[in-house]
Amino acid sequence: MHHEPVERDGNAVVYCEGAFNTTNGKTAHGLVRFTDRYRVLAVIDSHWAGRDAGNVLDGRANGIPICPDLPAALNAANEQLRSVTHFVIGLAPDGGRLAPADREAVRDALRAGLNVDSGLHDFLSEDASLAALAKRRGVRIRDIRKPPPRSVLHFFTGRIEKVRALKIAILGTDSAVGKRTTAWLLVKGLRRRGIAAEMIGTGQTAWLQGARYGVVMDALVNDFVSGEIEHAVLRAWDESRPDVIVIEGQGSLMNPAYPGGFEILAAGRPDIVILQHAPARKEYDGFPGYPLHSLERQIEAIELLSGKPVVALTVNHENIDPASIDAVCRQVQARAERPVLDVLANGASALIDVVHPWIEKRGAA
């Protein structure tokens with residue numbers, strides 16, 4: 001089945017001051033790696049100014065420069081003979097709050113005539129002075145995490161049982177561990193093999209990357225979370241009839257602040273689970289004193305709750321020497337007794353080989 005790309009909204013500068021290449025910059029990382037919604041022309045972070053964003057993040061240059069401030073980013077775009085239309089907040093701090101200095105950067109972007117897109121919990125469109133400035137300049141502020149009106153939200157119906165696509169959930173042992181990136185790599189790898197696949201985004205970054213189907217889970221009142229997850233899966237099935245639906249995970253089952261995996265298992269009703277894991281992490285991201293639950297316990301909890309198998313683990317190689325990645329994967333595999341793969345370093349092909357029998361089994365059912 002042909003996948004239609006999302007029409008781009010415009011050319012973007014991604015603001016990530018002080019946070020690029022940290023877990024608080026994960027929205028920027030997603031946009032640097034891939035987005036259908038914008039053409040990303042530059043990243044702002046004075047700590048990495050002068051470097052290539054792809055090189056800093058993944059050791060692979062992608063032609064997106066990191067600039068110290070907005071004037072430099074606009075100049076970099078001019079040198080590419082492109083005009084910037086959007087200023088996208090690439091920060092993803094705990095609690096989704098914007099610091100005063102960052103709010104001033106938003107003001108500068110509006111003065112420069114740029115549309116502002118934000119996935120934070122601080123709704124910039126509700127700041128009277130910013131809203132007035134946007135109106136004067138004829139530009140728009142979009143708050144991606146703003147809760148939709150209840151009139152358009154859905155309760156869980158059970159119709160999801162009629163979906164015949166193989167549903168794969170990419171869950172994680174922690175937040176900010178790479179679940180979304182693995183989900184996209186899997187979807188794109190499946191499409192390259194001629195297998196129709198759709199991504200269900202569950203956070204603001206997937207929306208910013210142009211996911212056609214999804215929900216911003218943490219913008220919702222809890223009563224509607226299950227129904228909205230189900231509705232996103234149903235839309236993907238009804239409109240696209242894919243062979244595979246990949247659901248992006250949120251947080252992790254036992255994360256003290258972000259236990260979003262529960263709703264995804266309950267409402268998304270995956271057939272199989274892939275578990276993203278950062279072997280070098282000892283504590284939950286952003287919460288010192290909260291040690292990560294053991295890998296064995298996390299696998300056991302997922303399988304107990306869902307009644308479905310964790311078929312593979314995917315590794316986040318943060319703080320692991322590149323020369324040691326393969327050895328670390330072998331160590332984790334010995335513990336988990338399942339295939340362990342680094343899709344960011346090595347691509348999704350081996351992971352697709354693992355899930356392919358499940359696709360064939362589902363297709364024959």
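These legends describe close-up views of a predicted model.

**Figure 1. Helix α10 and its buried side.**
Helix α10 covers residues 295-306. At 1.5 Å a residue, its 12 residues should span 16 Å, and the end C-alpha atoms are 17 Å apart, which agrees. The buried residues of α10 are L295, Q298, I299, A301, I302 and S306. They cover an arc of only 160° around the axis, so they sit on the same side of α10. The helices are α9 (261-268) and α11 (325-336). The strands are β7 (166-172), β11 (272-277) and β12 (310-315). Just after α10 comes G307, with a positive phi of about 70°.

**Figure 2. L305 in helix α10.**
L305 belongs to helix α10. Leaving aside residues up to four places away in sequence, L305 touches L253, F262 and L265.

**Figure 3. Helix α4 and what covers it.**
Helix α4 runs over residues 100-111. Its 12 residues should span 16 Å at 1.5 Å a residue; the end C-alpha atoms lie 17 Å apart, which agrees. The buried residues of α4 are D102, R103, A105, V106, R107, A109 and L110. Their cover includes the helices α3 (70-79) and α5 (128-137). It also includes the strands β1 (10-15), β4 (86-89), β5 (115-118) and β6 (141-143). G113 follows α4 and has a positive phi, near 80°.

**Figure 4. The aromatic pair F155 and F224.**
The whole structure holds four aromatic pairs. In one of them, the rings of F155 and F224 have their centres 4.9 Å apart. Their planes meet at 35°, so the pair is tilted. F155 lies in the loop between β6 and β7, and F224 in the loop between β9 (213-214) and α8 (225-240). The pair therefore ties together parts that are 69 residues apart in sequence. F224 has 10% relative accessibility, so F224 counts as buried.

**Figure 5. Charged ends over tryptophan rings.**
Two views belong together here. In one, the charged end of R37 sits over the ring of W207, 3.7 Å from its centre. In the other, the charged end of K361 sits over the ring of W358, 4.1 Å from its centre.

Most residues other than glycine have a negative phi. L81 is not a glycine, yet its phi is positive, near 60°. L81 lies in the loop between α3 and β4. With a relative accessible area of 80%, L81 is exposed. A176 is not a glycine either, and has a positive phi of about 50°. A176 lies in the loop between β7 and α6 (179-192). With a relative accessible area of 17%, A176 is buried.

A search of the whole structure finds 24 salt bridges. One of them joins D9 and R142, whose closest N and O atoms are 2.7 Å apart. D9 lies in the segment before β1 and R142 in strand β6, so the pair ties together parts that are 133 residues apart in sequence. D9 counts as partly exposed, at 29% relative accessibility. R142 is buried, with a relative accessible area of 15%. D9 and R142 also belong to a network of salt bridges with R37 and D117.

**Figure 6. The salt bridge of R281 and D174.**
R281 and D174 form a salt bridge, with the closest N and O atoms 2.6 Å apart. R281 lies in the loop between β11 and α10, and D174 in the loop between β7 and α6. The pair therefore ties together parts that are 107 residues apart in sequence. R281 counts as buried at 11% relative accessibility. D174 counts as buried at 0%.

**Figure 7. The salt bridge of E303 and R338.**
The side chains of E303 and R338 meet in a salt bridge, at 3.0 Å from N to O. The pair links distant parts of the chain, 35 residues apart. E303 is in helix α10, and R338 is in the loop between α11 and β13 (340-341). At 26% relative accessibility, E303 counts as partly exposed.

Notes
Residues numbered from 1 in each chain as written. Heavy atoms only, no water. Helix = DSSP H or I, 4+ residues; strand = E, 2+ residues; numbered from the N terminus. Expected span 1.5 Å × (residues − 1). Buried < 20%, exposed > 50% of the residue type's maximum accessible area, 1.4 Å probe, protein only. Arc of directions from axis to C-beta. Contact = heavy atoms within 4.5 Å. Phe/Tyr/Trp six-rings, centres within 6.5 Å; stacked < 30°, edge-to-face > 60°. Lys NZ or Arg CZ within 6 Å of the ring centre and 35° of its normal. Salt bridge = Lys/Arg side-chain N within 4 Å of Asp/Glu carboxyl O.
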